[in-house]
Amino acid sequence: MSALPPFLSKSARRTLGYDILFMLPALLVFTIFFIYPVLTSFPLSLTKWNGISPDYKFVGMRNFVRILSDRHFWQALENTFQYAILVTLLQNVIGLSLALAVTSKAHRPVRTLFLVPPLLSSIALGMIWSYMYRPDGAINGLLTLAGLENWTQNWLGDPNLALYALVVTNIWKWTGMSMIIYLAAILAIPQEIQEAASIDGVGVWQRFRHITFPLIAPAFTINIVLSMIGSLKVFDIIFIMTQGGPGRATESLTTYIFKRAFDAHKFGYAIAVAVVMFVIIMTLSLIQMRYLTRREVRA
Amino acid sequence: MKTKAFLIFVVLAIAITVAACAQPTPEVVKETVVVEVTKVVEKEIEVTKVVEKVVEKTVVVEATPTPEPEPITLEFYHWIGADLGETTIKQINGLFNQLYPHVTVKFETADTGTYEQVISTRLSANDAPDIFGVFPGTKFHPKADAGYLADLSNEPWVANMMPGSAKVATYNGKIYGYPTDSNVIGVIYNKGIFEELGLEVPKTWDDFLAVSEAIKGSGKIPMALALQSAWVTQLIPYAMAPTAIYRDMPDFDQKMYNGEVTFAESPWQEMMEDYLALNEAGYFNDNALGVDYNAALDMMANGDAVMLVQGNWAVAGLRDRAPDIEWGMFPLPYNKNGGAIWVSAAVGALLAADAHSEYLDMAKKYIAFWASPDVQEIYLTAKKAMPANKGVNPVLDPALAEMIEPMQAGTYPFLDQNWPSGVQAVMLQDIQSVFAGEMTVEEMLQEMDEAWADATE
């Protein structure tokens, strides 16, 4: 086993054979159903293809050059980033706060409750929220009941609000998931450390700041990366609730790709946009992983 | 020892994979359950069919000793089931089965919004159904180019097609689909409220504006408009264009293809401005961009709104919601300079056959069966649609019947049926943007011209 790369630790070298063995089945499935189709579709980004015809026309980098001057692409990119940043921030702040609030065993039923939305199908959920957002829907109804008639809005019909309305739905669906990951990490912190600190007279905020927060860093990394990737490639919620509208106010990269491919029959171009999106998400994820794992500590 | 450990690990690894595979995520679980339920139902139906078949078979065997043909299952995929609740299609397939006892037609349906994507994918993946629906006009041309559609030019029903129907079923001189039904866009209205307010069906644009003003004055919403549903945004321009453009310039689309005219310098500018003016005058419901198709139907059924520019298919939805209201329909009178009002009317669907089907002959027989007047009448009566072929006389919905006479003046198909793909999608998004105040009419028409150029390059 002397030919192993030098960066592996001794224990890693010892278990490497088994590691690979255990990964193999999943890796095989992943390769056949994910990596292979993705890689084989990349060359199509260099073609002009209507999605049906058996003939492709090779056009070189033309699709990518066109993306640069495609204002609808840039708007979709801007919307996607805005959406992803808001979701990532809010979902983690709320998720972490909820996790801190439900640490005791007595809170178990509440935890279960928060886990329901992530299990619901996006289609059902999108339809329910669309209904609530209607001008005569439940949200405006509640506001009117509370005497806040001035606050009622055309939630999904106002181009300045629609994206935020979708962000709320997305957070409502996925915050429970973030919460449970944070909760697992919090519960894994050895009780003695917290106890020792409180005997030493360390306050709640200080304990959070210097003990809990550093020790849940791996959960933090996972949550940030997952919520960012998830919201950058959001499709279902938007497609069901606004289809990217009104106009292009909630057009994300994914809905744009879908429309270019299936409405305009520009598959080559759509795949080129997908390749660009792939590169963006990959780069951002790698940067985040690098930066966030650096500050992880072991308890 | 090592090999033993290795073996144990292999077994463990396989066991874990199998276990992991056997535990799908919650969402997946739900989906599989649903699929199983529908499958069971299908199976039950098939079982009853088989039983019927067996009974018939014995009778046949006693009568004529000729050998039974091999049983065939034809796959039929179409979006129409979503409207008809599949019962009518089942009825038709049952009748076909009586005619050809060895043939079972397996019908599957999809939502109109996703149908085109699914069928395109299935065709390019060599998973074509034997018979399937295609949208009339340019939308099926790429499928014909790719050789997926059987040439139906020599079928017995070809001679019975109405000229307009034949046009949108023909490509490069060949017929690729059987036009099953015809639809019309007009103003659906609440006759009771018209009577209460002493209003008459308007015959000119000024009359139409006056009627709207009178309804507004009574405190009701003159017209329900559902701009959140992208496909609804196009209906008012579609209803205007036959009179505003095609009555005087029937070859406008051809001129677009030749690059002789543009949207920007066509009556589209005025049409869009008038569309917006209706909104500014308060003739639509508030927040139209946040209202979807079903919400607009609700407004009509509640009696809050009085008129609705929609296709005849909406009448079925309105009758379900409010069976006691008397609904009528008239053409949108966009004849600002006087003259005849042309109506937006178009074939709704074509039945096509898979060119590579193992049972192409039987698939053609099935389509010909749909073309028989009896089947056509069953279908059209249920769908509340109009015939696209001669010699077919379905029971027309009373509201729809009111459109027959106005249609004699002249009709033009739904505009996208003659457009290259991609233009309609841009238009739908841009109409929303224009109503949201994020885009001007000029910018919208320019984008439509760009999309046209992009699609035809």
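**A walk through chain B**

Of the 457 residues in chain B, 42% count as buried. Keep in mind as you look around that this is a predicted model.

Next, select residues 327-330 of chain B, which form strand β9. Both of its faces are covered. In a regular strand, side chains alternate between the two faces of the sheet. Turn the view to see B:W327 and B:M329 on one side, then B:G328 and B:F330 on the other; all four are buried.

To see how they line up, show B:I188, which stands opposite B:M329 in β9(B).

For the last stop, select two helices of chain B: α12 (residues 268-280) and α20 (residues 441-456). They pack at an angle of about 135 degrees, with axes 10 Å apart, which means that α12(B) is oblique to α20(B). Their crossing is right-handed.

Show side chains where the two helices meet. From α12(B), pick B:W268, B:Q269, B:M272 and B:E273; their partners in α20(B) are B:V441, B:M444 and B:L445. Which classes of residue make up this contact of α12(B) with α20(B)? There are 5 nonpolar residues, 1 polar and 1 charged.

Technical notes:
Residues numbered from 1 in each chain as written. Chains lettered and ligands numbered in written order. Predicted model: local features only at pLDDT ≥ 70, side-chain atom pairs only at ≥ 80, totals over all residues. Axes fitted to C-alpha atoms, helices over the stretch in contact; angles between N-to-C directions. Parallel < 35°, antiparallel > 145°, perpendicular 65-115°, else oblique. Left-handed = near helix turned anticlockwise from the far one by under 90°. Contact = placed C-beta atoms within 7 Å. Nonpolar A, V, L, I, M, F, W, Y, C, P; charged D, E, K, R; others polar. Buried ≥ 20, exposed ≤ 12 C-beta atoms within 10 Å, placed from the backbone. Pairing = 2+ DSSP bridges.
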